[in-house]
Amino acid sequence: MTHHHGWADLRPMHLRIDRASAAMLWACFVTAGFGLAGEAAEVPAAVRNAEQTRIRIIAKAKQTAICIFARGGHGGGSGVVISPDGYALTNYHVVKPAGNYMKCGMDDGQLYDAILVGLDPTGDVALIKLLGRDDFPHATLADSNQVRSGDWCFAVGNPFLLATDFQPTVTYGIVSGVHRYQPPAGTLLEYTDCIQTDAAINPGNSGGPLFSAAGELIGVNGRGSFEKRGRVNVGVGYAISSNQIKHFLGYLRSGRIVDHATLGATVATSEEGRVVVANILESSDAYRRGLRYGDEIVSFAGREIETVNAFKNVLGIYPRGWNVSLKYRREDQDFDVMVRLSGVHSKRELLRKVQGPAARPPRKEPQPDQPDAPKPKPDAPKPQPLPAPQVPEKSKVPTEVAKLVRPREGYANYYFNLQNRNRVWSSAKKHGDFSSRTGQWLLSGVLSNGGEFQIAIEDQRVLAQFPQGPAVVEATLDLDQQADPEGSGGLLTALYLWRRLLTAGPGKFGEMFYLGTAPATSQPGIFEVLVGTYNVIQETRFLFDAQTGHLRGMEMSLNNSTDRCEIVFAEYKDHDGLLIPHKLRIHHGTQLFATIEVNRAEIKAATKEKP
Amino acid sequence: MSPHLSVAHELRGVVRSLTVAVVSSLLASICFPLQPLRGVETSYSRTIANVQPKMVKIYGAGGIRGLEAYQSGLLISANGHVLTVWSYVLDTEDVSVVLNDGRKFQGQLVGADPRLGIAILKVDLNEVPHFERRPPDELEPGDRILAFSNLYGVATGNEPTSVLHGTIAARTQLSARRGAFNTTYKGPVYILDAMTNNPGAAGGALTDRRGNLVGLLGKELRNTETETWLNYAIPVALLADTIDDLIAGRTPAQTVDINRKKPVQPLNTELLGIVLVPDVLDKTPAFVDSVRKQSAAAAVNLRPDDLILFANERMAATCKQLAEELSFIDRIDPVTLTIQRGQDLLDITLQLP
């Protein structure tokens, strides 16, 4: 039954290759590269060209990989540089033992100092920054949703910390699966929507890049399935997708410890195989948008949801506070809403996990009573992050590097938060310095749906007149109870905080930190976001235009159980050297409260005597 | 085989795909050097997308330490016949088969061949995508392969199985490694250079680079001396006839003689001196717990831990099946039991004195 493959019959035809068959050419090279010196003429030009292309792509890509060595011989791993000024991605479980300072070797044989920037412990991602150059070779983050099972790919890294000359190791393979869900231990190191590959991923590869055949960064390698086979590659490695990383990158640059998101609801598979809400928190945004127990989840963030894993895959790629679309079904009627995702952990919880032993590569089983905890598959082994190999090294933090490290509770490196907060604020101040305008601010004009308004904002109170009547906020009392005017979600309180930011600045506003770059519900686009806490108002977001620095909007929640008051600031006009918005669109929940046109604005400086 | 030859194999396949050689070669010479090889053109993704609907995930008995309660399988007929490995996972009435699209079915055991280590399940389906049972070509060392399986149970529901790539490293007899590997199958196998035979991968598909079925991924085998794991598949060409027979119900084990009558004085295990393990499951494997001294079983040296598979070539792999089959045999007649002892399959004939 064997049809013997003759060798001689191949020769006359070997140059005839159609394009469709190019698929196999990449494949051939793996073996074609050996022992051909004397027989090069037998290999078609197309094959040789393709091989050269592949060599070129790998040579370029591996320049961006880094070998990470933790201070004091606390192991290490791999990483990849993603910007010319040295920002680089790696795994949380690689930098965890390293702390806030590490050494990174690159393909050029140089060793660079690097500092910790941001952490995503739940997603096992860390952002670090290499120092000393502004022209680092860097990789480009690809759209990982385009990656399909069967695509060629290659991993670059430092398996077993082999590379004493820092030249990384390249392993080649195919994508074995996409949109894989790998459960966490507890709530950390969860791999959602990840890429599975048979390219060899070994201890030391953690944090290193997974590239497409074209040399684009499609993921960050971090764990594998091992079980009884010992902790070396068995052809089943997992990479965090580049799309997930893109969502978190703007947050990671803020120097914070970033949390993942929850819908505030858990889901389960119904007997008919549909994904339905099994539990929902009444304080969640989803609840306020109408989601209830028993509703079927149809799509989430634009992706169809057919399994619980699919739901978790979507949820896991977004940070806390992200806004996503949700389509749910009740009695054959579909509802389309936008929801803001809340955090998986409380601040303290996350901090405790990062500091505690749970942050080490997990060994325990997921807890079934955890909200959103995955149902353990029948006897399915739990893939584990790769352990860091040990390397002996001792070094002290250089003084100039130490200046870039600023520890603060709740932050990976507060230095970067402060830097960014100041950057955003000085960019905003170019459009007007309000610091001396601490007197009364008077705005008056018309509402788009008819009638006139007048608002006077002062240090102690806000007084206003709307067509429906007067409204007032006393700033000396708890602000979270003052939602005037009715139906606005607290417009006057928001405007009070707006004036406070512009006059006092982020340093004196109250507590204020740089959130990162994020989308908003109230308007399209990605914004630089400062988040402030003042009085009892826990969270007010100020949205700045990423290009111009203009304050484009704000979103304030009076308290956890009510919808936000969202203001869009538009039509800025010069007013005595200050740019003042002359159109304000105010939303409360899904309702438009009002669009107001400012006809007259008086932004007074402080006066000795009270008006 | 030299690496060069494997390239030649690839090109041979490539060349075969041409229908009009002249036109194509013209096209190739025009557009090929100008077209950079990008991910889209070089991917296996289309082949894989065609194969995935033929793959199934199987869940059954197991779940205790070291024994996964899942394995892989593949559709082998349009009527929902599933080829998989014969293993403890099937030792339950409740075997579920999950299709690529997430639909879940109860799998009925149609038949099994313990010598080949294969089993055929049937799910209630018509006109499903399925593999051909006879490969267009046997593969040679150096030929490229893809391996589809639900290793580590990574995929659930409608998630596609995992795919690994590699080449055929060798074709050899598994019995050549006898002693090192604990296996009853001793026939020819493809040895693979990829990590194909992980937990849960058994019953998965080995295909050529076009997605044609060429082999069945075997059970995990660890070399007892070196602690290394073997990556291998049984060539499907060797299984094809048996698969045909199993599906058609033609194996002796499956043949039902409607005229078969129970004798007045039938055999039973007690008469033979066989004590089986307690029958606590719906499909308790017919393991010998002990053998009574000076019995017919003792006379042929049946031992504790022997697993009875057949009685007179009819399937008798569970305690209940064995009791049923023995009830058709008269006490005065001999009975041939096929047993598994360690890695060997043995036929022993018992006769009451």
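The pLDDT expresses the predictor's confidence in each residue on a scale from 0 to 100. In this predicted model, chain B has a mean pLDDT of 84, and 84% of its residues reach 70 or more. Over residues 1-41 of chain B, however, the pLDDT falls below 50, although this stretch makes 76 contacts in the model beyond near neighbours in sequence. Where pLDDT is low, the predicted coordinates should not be read in detail. For the complex, the predictor reports an ipTM of 0.82 and a pTM of 0.83.

Chain B is divided into domain 1 (50-122), domain 2 (144-239) and domain 3 (269-350). Between domain 2 and domain 3 of chain B, the C-alpha centres are separated by 31 Å.

The largest nonpolar core comprises 222 residues, and those with the most contacts inside it are Met102(A), Ile128(A), Cys153(A), Leu74(B), Val82(B) and Ala147(B). Helix 10 (residues 491-504) of chain A contributes the largest share of this core, nine residues. Apart from this core lies another, of 25 residues, which includes Ala265(A), Ala286(A), Val314(A) and Tyr318(A). Setting aside residues up to four places away in sequence, Val82(B) touches Val56(B), Gly73(B), Leu74(B), Leu75(B), Ile76(B), Val97(B), Gly107(B), Ile120(B), Leu121(B) and Val123(B).

Helix 9 of chain A (residues 414-429) has 16 residues and, at 1.5 Å a residue, should span 22 Å; the 22 Å between its end C-alpha atoms agrees with this expectation. Its buried residues are Tyr415(A), Phe416(A), Asn417(A), Asn420(A), Arg421(A), Val424(A), Trp425(A) and Ala428(A). Among the elements covering these buried residues are strand 5 (111-120), strand 26 (511-519), strand 27 (526-534), strand 28 (537-545) and strand 29 (551-557) of chain A.

Methods
Residues are numbered from 1 along each chain as its sequence is written. Chains are lettered from A and ligands numbered from 1 in the order in which they are written. This is a predicted model: local features need pLDDT of at least 70, side-chain atom pairs count only at pLDDT 80 or more; totals for chains, interfaces and linings use all residues. Helices (H or I, at least four residues) and strands (E, at least two) are DSSP runs, numbered from the N terminus. The expected span of a helix is 1.5 Å times one less than its number of residues. A residue is buried if 20 or more other C-beta atoms lie within 10 Å of its own, exposed if 12 or fewer, and partly exposed in between; C-beta atoms are placed from the backbone. Two residues are in contact if their C-beta atoms, placed from the backbone, lie within 7 Å. A nonpolar core is a set of buried Ala, Val, Leu, Ile, Met, Phe, Trp, Tyr and Cys residues joined through C-beta atoms within 7 Å. Domain bounds come from an automatic or database domain assignment.
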